[in-house]
Amino acid sequence: MAWLVGYPREKINWHPTIDPEKCVKCGMCMNCGRNVYDWTEEGPVVARPNQCIVGCNTCANLCMGNAISFPEKETIREIYKREKIWSKVKKQLEEEGKIKTKQKSEEESGCCDGGCCS
Ligand code: SF4
Ligand code: SF4
């Protein structure tokens with residue numbers, strides 16, 4: 001999983017919180033592709049918080065009642081920096097062929113490093 005590259009999901013505090021006073025029961029949050037919410041007689045509840053994609057806040061952006069909130073993004077940015085997750089994600093994406101660094105593409109193109117490509 002390139003988002004966390006093995007870092008334990010449960011150690012990252014990133015999931016939606018619903019303010020029931022603001023919720024107008026529009027149902028938009030039930031569109032979450034990660035099945036984070038359940039619908040109850042009282043409206044939506046956050047049933048599986050750790051299935052939320054770290055860094056995603058789409059449901060909050062589209063919530064009709066503006067009732068969904070998330071932690072400050074700095075809390076996850078600090079973890080990504082401390083645990084070197086950004087560089088690990090990049091390495092994995094390179095291995096999967098999803099991104100190419102300039103250095104790698106030069107290697108693949110057989111650059112002789114003779115100054116012709118600079
Ligand atoms: S999107 Fe917001 S207002 Fe709509 S049901 Fe979900 S929490 Fe309530
Ligand atoms: S932030 Fe994204 S993944 Fe998380 S609950 Fe909302 S829509 Fe689902």
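**Exercise 1.** Determine how exposed Asp38 is and which salt bridge Asp38 forms.

*Solution.* Asp38 has a relative accessible area of 32%, and is therefore partly exposed, where buried means under 20%, exposed over 50% and partly exposed in between (1.4 Å probe, protein chains only). The model is predicted, so that local features need pLDDT of at least 70 and side-chain atom pairs count only at pLDDT 80 or more, whereas totals for chains, interfaces and linings use all residues. Residues are numbered from 1 along each chain as its sequence is written, and side-chain values use heavy atoms, with hydrogens and water left out.

Next, the partner of Asp38 is Arg48, with the closest N and O atoms 2.7 Å apart; a salt bridge here is a side-chain nitrogen of Lys or Arg within 4 Å of a carboxyl oxygen of Asp or Glu. Because Arg48 lies in the loop between strand E3 (43–46) and helix H1 (58–62) and Asp38 in strand E2 (residues 37–40), the pair ties together parts that are 10 residues apart in sequence; helices (H or I, at least four residues) and strands (E, at least two) are DSSP runs, numbered from the N terminus. Arg48, at 24% relative accessibility, is also partly exposed.

Methods
Chains lettered and ligands numbered in written order.
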